[in-house]
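My notes follow in the order I looked things up.

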Amino acid sequence: MAQYITFRNTASTSQAVALRSGSDNSVFYKCGFEGYQDTLYVISQRQFYRECDIYGTVDFIFGNAAVVFQNCNIYARNGYQNTVTVTAQGRTDSNQNTGIIIHNSKFTGAPGFKSNSVKSYLGRPWKQYSKTVVMKTFLDGLLNPEGWMKWDGNFALDTLYYAEYANTGPGSSTKNRVKWRGYEAITSASKAEPFTVGRFIDGNSWLPATSVPFTPGL
(Lines give C-alpha, C1' and ligand atoms only; values in the text may rest on other atoms or scores of the structure.)
Protein backbone atom coordinates (compact mmCIF):
# COMPACT_ATOMS: atom_id res chain seq x y z
CA MET A 1 0.00 0.00 0.00
CA ALA A 2 1.12 3.53 -0.78
CA GLN A 3 -0.39 6.71 0.65
CA TYR A 4 0.34 10.43 0.15
CA ILE A 5 3.22 9.70 -2.27
CA THR A 6 3.87 11.20 -5.70
CA PHE A 7 5.63 9.05 -8.29
CA ARG A 8 7.12 11.22 -11.02
CA ASN A 9 9.03 10.59 -14.26
CA THR A 10 10.06 13.81 -15.99
CA ALA A 11 11.10 12.25 -19.35
CA SER A 12 8.75 13.68 -21.96
CA THR A 13 10.04 12.43 -25.32
CA SER A 14 9.50 8.65 -25.14
CA GLN A 15 7.97 5.86 -23.07
CA ALA A 16 8.85 6.48 -19.43
CA VAL A 17 7.11 4.67 -16.57
CA ALA A 18 6.68 6.48 -13.25
CA LEU A 19 5.38 3.44 -11.37
CA ARG A 20 4.95 -0.24 -12.19
CA SER A 21 2.77 -2.39 -9.92
CA GLY A 22 2.41 -6.16 -10.20
CA SER A 23 1.42 -6.79 -6.61
CA ASP A 24 -1.83 -8.54 -5.72
CA ASN A 25 -4.16 -6.60 -3.40
CA SER A 26 -2.14 -3.43 -3.91
CA VAL A 27 -3.73 -0.14 -2.84
CA PHE A 28 -2.80 3.45 -3.69
CA TYR A 29 -4.58 6.16 -1.70
CA LYS A 30 -4.27 9.89 -2.38
CA CYS A 31 -1.13 9.37 -4.48
CA GLY A 32 0.11 11.18 -7.57
CA PHE A 33 1.44 9.62 -10.76
CA GLU A 34 3.13 12.14 -13.04
CA GLY A 35 4.59 11.34 -16.43
CA TYR A 36 3.94 11.57 -20.12
CA GLN A 37 3.82 8.34 -22.17
CA ASP A 38 3.21 5.15 -20.13
CA THR A 39 3.02 6.87 -16.72
CA LEU A 40 1.38 4.06 -14.76
CA TYR A 41 2.05 0.40 -15.58
CA VAL A 42 -0.65 -1.71 -13.89
CA ILE A 43 1.01 -4.90 -15.01
CA SER A 44 -0.93 -7.66 -13.22
CA GLN A 45 -2.98 -8.85 -10.21
CA ARG A 46 -5.74 -6.99 -8.31
CA GLN A 47 -5.17 -3.28 -7.70
CA PHE A 48 -7.19 -0.37 -6.30
CA TYR A 49 -6.54 3.36 -6.69
CA ARG A 50 -8.58 5.84 -4.67
CA GLU A 51 -8.47 9.67 -4.84
CA CYS A 52 -5.29 9.64 -6.90
CA ASP A 53 -4.08 12.17 -9.49
CA ILE A 54 -2.75 10.64 -12.71
CA TYR A 55 -1.08 12.72 -15.42
CA GLY A 56 0.02 11.67 -18.89
CA THR A 57 -0.17 11.78 -22.65
CA VAL A 58 -0.06 8.46 -24.53
CA ASP A 59 -1.29 5.16 -23.01
CA PHE A 60 -0.61 6.58 -19.59
CA ILE A 61 -2.58 3.91 -17.73
CA PHE A 62 -1.62 0.56 -19.24
CA GLY A 63 -1.16 -3.11 -18.44
CA ASN A 64 -3.18 -6.23 -17.70
CA ALA A 65 -4.14 -5.97 -14.03
CA ALA A 66 -7.65 -6.26 -12.65
CA VAL A 67 -7.71 -2.65 -11.52
CA VAL A 68 -10.27 -0.09 -10.41
CA PHE A 69 -9.63 3.65 -10.29
CA GLN A 70 -12.21 5.25 -8.00
CA ASN A 71 -12.69 8.96 -7.24
CA CYS A 72 -9.50 9.75 -9.16
CA ASN A 73 -8.48 12.77 -11.21
CA ILE A 74 -7.08 11.86 -14.63
CA TYR A 75 -5.26 14.67 -16.40
CA ALA A 76 -4.30 14.97 -20.07
CA ARG A 77 -0.99 16.72 -20.70
CA ASN A 78 0.64 18.20 -23.77
CA GLY A 79 3.59 16.16 -24.98
CA TYR A 80 5.58 15.43 -28.09
CA GLN A 81 2.62 13.78 -29.87
CA ASN A 82 -0.69 15.27 -31.00
CA THR A 83 -2.88 12.60 -29.41
CA VAL A 84 -3.76 11.66 -25.85
CA THR A 85 -4.87 8.12 -25.01
CA VAL A 86 -5.70 7.52 -21.37
CA THR A 87 -5.61 3.71 -21.37
CA ALA A 88 -3.96 0.84 -23.23
CA GLN A 89 -5.27 -2.32 -21.62
CA GLY A 90 -3.35 -5.53 -22.35
CA ARG A 91 -5.67 -8.54 -21.97
CA THR A 92 -4.38 -11.36 -24.22
CA ASP A 93 -7.08 -14.00 -23.62
CA SER A 94 -10.83 -13.64 -23.42
CA ASN A 95 -10.87 -15.83 -20.29
CA GLN A 96 -8.66 -13.48 -18.26
CA ASN A 97 -10.57 -11.67 -15.50
CA THR A 98 -8.56 -8.48 -15.99
CA GLY A 99 -9.34 -4.99 -17.18
CA ILE A 100 -9.12 -1.28 -16.40
CA ILE A 101 -12.18 0.17 -14.64
CA ILE A 102 -12.54 3.93 -14.11
CA HIS A 103 -15.37 4.73 -11.68
CA ASN A 104 -16.71 8.00 -10.29
CA SER A 105 -13.65 9.87 -11.48
CA LYS A 106 -12.83 12.94 -13.55
CA PHE A 107 -11.00 13.29 -16.89
CA THR A 108 -9.86 16.83 -17.69
CA GLY A 109 -6.86 18.70 -19.01
CA ALA A 110 -3.91 19.43 -16.76
CA PRO A 111 -3.23 23.11 -15.99
CA GLY A 112 -2.10 24.78 -19.20
CA PHE A 113 -3.32 21.93 -21.41
CA LYS A 114 -3.85 23.11 -25.01
CA SER A 115 -6.68 20.93 -26.26
CA ASN A 116 -7.01 22.66 -29.64
CA SER A 117 -3.84 20.98 -30.92
CA VAL A 118 -4.49 17.52 -29.45
CA LYS A 119 -7.07 14.77 -29.99
CA SER A 120 -7.89 12.97 -26.75
CA TYR A 121 -9.31 9.45 -26.35
CA LEU A 122 -10.27 7.16 -23.47
CA GLY A 123 -8.10 4.36 -24.77
CA ARG A 124 -6.84 2.10 -27.53
CA PRO A 125 -6.38 -1.69 -27.70
CA TRP A 126 -2.83 -2.66 -26.86
CA LYS A 127 -3.67 -6.37 -26.98
CA GLN A 128 -6.27 -8.55 -28.72
CA TYR A 129 -8.83 -8.69 -25.88
CA SER A 130 -8.30 -5.23 -24.41
CA LYS A 131 -10.94 -4.42 -21.77
CA THR A 132 -11.75 -1.00 -20.33
CA VAL A 133 -14.91 0.35 -18.72
CA VAL A 134 -15.54 3.98 -17.79
CA MET A 135 -18.56 4.64 -15.61
CA LYS A 136 -20.15 7.47 -13.64
CA THR A 137 -17.15 9.63 -14.55
CA PHE A 138 -16.97 13.28 -15.60
CA LEU A 139 -15.59 13.59 -19.13
CA ASP A 140 -14.45 17.05 -20.18
CA GLY A 141 -15.11 18.51 -23.62
CA LEU A 142 -11.52 17.86 -24.66
CA LEU A 143 -12.51 14.22 -25.35
CA ASN A 144 -12.90 13.39 -29.04
CA PRO A 145 -16.55 12.51 -29.85
CA GLU A 146 -15.47 9.03 -31.06
CA GLY A 147 -14.22 8.34 -27.55
CA TRP A 148 -11.80 5.54 -28.45
CA MET A 149 -8.87 5.21 -30.86
CA LYS A 150 -7.63 2.37 -33.08
CA TRP A 151 -4.25 0.80 -32.40
CA ASP A 152 -3.36 -0.41 -35.89
CA GLY A 153 -5.99 -0.75 -38.60
CA ASN A 154 -8.77 -3.10 -37.52
CA PHE A 155 -6.67 -4.87 -34.90
CA ALA A 156 -8.78 -6.09 -31.94
CA LEU A 157 -11.87 -4.05 -32.85
CA ASP A 158 -14.09 -7.16 -32.80
CA THR A 159 -12.49 -8.84 -29.79
CA LEU A 160 -11.91 -5.93 -27.38
CA TYR A 161 -14.50 -4.84 -24.83
CA TYR A 162 -14.86 -1.10 -24.25
CA ALA A 163 -17.89 0.24 -22.42
CA GLU A 164 -19.27 3.41 -20.88
CA TYR A 165 -22.02 3.81 -18.30
CA ALA A 166 -23.74 6.90 -16.89
CA ASN A 167 -20.87 9.29 -17.52
CA THR A 168 -21.40 13.05 -17.28
CA GLY A 169 -19.85 16.21 -18.67
CA PRO A 170 -19.52 17.77 -22.13
CA GLY A 171 -17.51 14.82 -23.47
CA SER A 172 -19.85 12.10 -22.20
CA SER A 173 -22.33 11.78 -25.06
CA THR A 174 -22.11 8.36 -26.74
CA LYS A 175 -24.04 9.49 -29.83
CA ASN A 176 -20.95 9.75 -32.03
CA ARG A 177 -18.85 7.02 -30.41
CA VAL A 178 -17.02 4.35 -32.40
CA LYS A 179 -19.17 1.69 -34.06
CA TRP A 180 -16.86 -1.21 -33.28
CA ARG A 181 -18.33 -4.60 -32.51
CA GLY A 182 -16.53 -4.62 -29.16
CA TYR A 183 -17.84 -1.25 -27.94
CA GLU A 184 -20.95 -0.90 -25.78
CA ALA A 185 -22.83 2.02 -24.27
CA ILE A 186 -24.26 0.34 -21.15
CA THR A 187 -27.75 1.53 -20.20
CA SER A 188 -28.65 -0.69 -17.23
CA ALA A 189 -27.18 -0.74 -13.74
CA SER A 190 -27.32 -4.54 -13.66
CA LYS A 191 -24.96 -4.73 -16.63
CA ALA A 192 -22.54 -2.21 -15.07
CA GLU A 193 -22.53 -3.88 -11.63
CA PRO A 194 -19.94 -6.57 -12.54
CA PHE A 195 -17.36 -3.79 -12.99
CA THR A 196 -17.65 -2.43 -9.46
CA VAL A 197 -15.03 -2.75 -6.72
CA GLY A 198 -17.06 -5.40 -4.92
CA ARG A 199 -17.49 -7.59 -7.96
CA PHE A 200 -14.52 -6.95 -10.25
CA ILE A 201 -11.68 -7.12 -7.71
CA ASP A 202 -13.57 -8.76 -4.81
CA GLY A 203 -12.87 -5.61 -2.80
CA ASN A 204 -15.12 -6.48 0.12
CA SER A 205 -12.80 -9.34 1.07
CA TRP A 206 -9.55 -7.38 1.37
CA LEU A 207 -10.02 -3.61 1.20
CA PRO A 208 -11.59 -3.10 4.68
CA ALA A 209 -8.30 -4.17 6.31
CA THR A 210 -6.52 -1.24 4.63
CA SER A 211 -8.87 1.39 6.16
CA VAL A 212 -8.95 3.09 2.75
CA PRO A 213 -12.48 4.28 1.86
CA PHE A 214 -14.12 2.56 -1.07
CA THR A 215 -17.52 2.23 -2.69
CA PRO A 216 -18.23 -1.45 -3.30
CA GLY A 217 -21.10 -0.88 -5.72
CA LEU A 218 -22.11 1.67 -8.33
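In what order do the strands of the open sheet stand? I read S1-S4-S7-S10-S13-S16-S18-S19, 8 strands with parallel pairing. Strands S1 (2-3) and S19 (183-186) are at the edges with a single partner strand each, so one side of each has no neighbour in the sheet. I took strands as DSSP runs (E, at least two residues), numbered from the N terminus. Two strands pair if DSSP finds at least two bridges between them.

I noted that this is a predicted model: local features need pLDDT of at least 70, side-chain atom pairs count only at pLDDT 80 or more, and totals for chains, interfaces and linings use all residues. Residues are numbered from 1 along each chain as its sequence is written, and side-chain values use heavy atoms, with hydrogens and water left out.

Next I looked at one pair. Strand S10 (residues 66-70) meets strand S13 (residues 99-103) in the parallel sense over 5 bridges. Val-68 has Ile-101 in S13 as its bridge partner.

Then I checked Gln-70, which lies in strand S10. Is Gln-70 buried or exposed? Gln-70 counts as buried because its relative accessibility is 0%; the cut-offs are under 20% relative accessible area for buried and over 50% for exposed, with partly exposed in between (1.4 Å probe, protein chains only). Its contacts (heavy atoms within 4.5 Å), not counting residues up to four places away in sequence, include Phe-48, Tyr-49, His-103 and Phe-214.

Last, I looked up the UniProt record. Its unreviewed entry has the annotation "domain: Pectinesterase catalytic" over residues 1-204; such annotations may be inferred rather than shown by experiment.

Technical notes
Helices (H or I, at least four residues) and strands (E, at least two) are DSSP runs, numbered from the N terminus.
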